[in-house]
Amino acid sequence: MKYTKRFRVNPGQRVRLKDFDPKFKDHHEGHEAAADEIERDQQKLRGLQELLYADRQSSLLICLQGLDAGGKDGTISHILGAMNPQGCRVTGFREPSVEEQAHDFLWRIHSAAPARGQVAIFNRSHYEDVLVVRVHDLVPKAVWSRRYDQINAFEKELVENKTHVLKFFLHISKREQLRRFEQRLDDPTKRWKISESDYKEREFWTDYVAAYEAALTHCSTAHAPWFVIPSDHKWFRNLAIGRIVVEHLEALDMKLPEPSVDLRHIRREYHAAKRLSTVRGELSAHIRSASAPRRDSTTCAGAGRRPGSPGRSPAGAPVGRASPPRGRPPRGTPPNASRALPRSRPR
Ligand code: AMP
Ligand code: MG
């Protein structure tokens, strides 16, 4: 079964996270066994993103949500690792600034939406406004409860304007979160990720689960689906998300755009430029060889000077430029090219 179908929350489906196994890894034994498959998807993703970029007809928005240590950063580097950064943009959403708070909650989100041809990845998103905001009563219930419909309408508008929206919930177990917190403590290269709020938020695990279940239930629509991704195994999380993005982009059946120029004309210009460059190359090779110092010229004034640089007479007066080439110009020299040749030295 395609992963798009397997992990998708169907519109109207009531989500209970306990029904989803965060350790699921399909038929794969482990990372090593799945490595080739992951790499194959990465290659496909690279080509598909290039098509999206060249085509410039639509864009892709990937929203990543999950509890702390759920693997949002790792997913971003996996997906971006397969893409040309020129066509990508990552935005992380933190607590809103004073300016952002003075606007509606979607204002900062809309301005980070992808332009045509681009892929945007959201590290957290507008869903925080029905997650952390709901868990900590940051606004009254009457305000956050209206946001599910507002989010659906906003995402519909994006989709109607040719932005494809894919939303991934990185589902980890509470035990796996603690294991990752432990790693952050033990591994000096991961300590920078530790935050005071990690343990504080962990206390609200049940409230977050309820908030996520509500968001996944109300906001997985036909136009902008949610996917619940088993994420206790980082490699399987990468495999599943990479595969879903590939499946989605492949279904768009994108094509490289037709060139906007007259190719026959451009081909003629190319051949003319190539002929000219060959002639120039031959001419300068000819000039170089003709002006190279002769073996028996050690006693001549200017012997050993750089080719083409004016020499000096014993009295110090310049003795003129390097010798011009002798004989006929090289084969293929156009008739008027002889004008570019230096005049012959009188014998
Ligand atoms: P991090 O992703 O670890 O950098 O943390 C970002 C923090 O910003 C998290 O604790 C989020 O819950 C918080 N955050 C993101 N969006 C909002 C929001 N709209 N309102 C309040 N807090 C938010
Ligand atoms: Mg954090």
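Reader: How many nonpolar, polar and charged residues are in the lining of the largest pocket?
Author: In this predicted model, the lining of the largest pocket comprises 21 charged, 14 nonpolar and twelve polar residues.

Reader: And which residues lie nearest its centre?
Author: Of the 47 lining residues, those nearest the centre of the largest pocket are Asp68, Phe93, Arg94, Arg124 and Glu128. The elements that contribute two or more residues to this lining include helix 3 (72–81), helix 9 (174–186) and helix 12 (234–251).

Reader: Which helix gives the largest share of the lining?
Author: Helix 10 does, with four residues.

Reader: What volume does the largest pocket have?
Author: Its volume is about 1,500 Å³.

Reader: Turning to the ligand, where does ligand 1 sit?
Author: Ligand 1 sits in the largest pocket. The residues around the ligand include Phe93, Arg94, Pro96, Arg108, Glu128, Val132, Val133 and Leu138.

Reader: What is the make-up of that shell by class?
Author: The shell around ligand 1 has six charged and five nonpolar residues, and no polar ones.

Reader: Which atoms of Arg124 and Asp129 are involved with the ligand?
Author: For Arg124, an N or O atom of the side chain is 2.6 Å from an oxygen atom of ligand 1. For Asp129, a side-chain N or O atom is 3.2 Å from a nitrogen atom of the ligand.

Reader: And Glu95, backbone or side chain?
Author: Backbone: an N or O atom there lies 3.3 Å from an oxygen atom of ligand 1.

Reader: How much of the ligand's accessible area does the protein cover?
Author: The protein covers 75% of the 500 Å² that ligand 1 has on its own.

Notes. Residues numbered from 1 in each chain as written. Chains lettered and ligands numbered in written order. Predicted model: local features only at pLDDT ≥ 70, side-chain atom pairs only at ≥ 80, totals over all residues. Heavy atoms only, no water. Near = heavy atom within 4 Å. Polar contact = N/O pair within 3.5 Å; in protein donor to acceptor, adjacent residues only side chain to side chain. Areas by Shrake-Rupley, 256 points an atom, 1.4 Å probe, with all protein chains shown as cover. 1 Å grid on protein atoms, 1.4 Å probe; cavity = no way out; pocket = protein on both sides within 12 Å on 5 of 7 lines; lining within 4 Å. Sits in = over half its atoms within 2 Å of the grid points. Nonpolar A, V, L, I, M, F, W, Y, C, P; charged D, E, K, R; others polar. Points joined across faces, edges and corners; volume = space filled by probe spheres on them.
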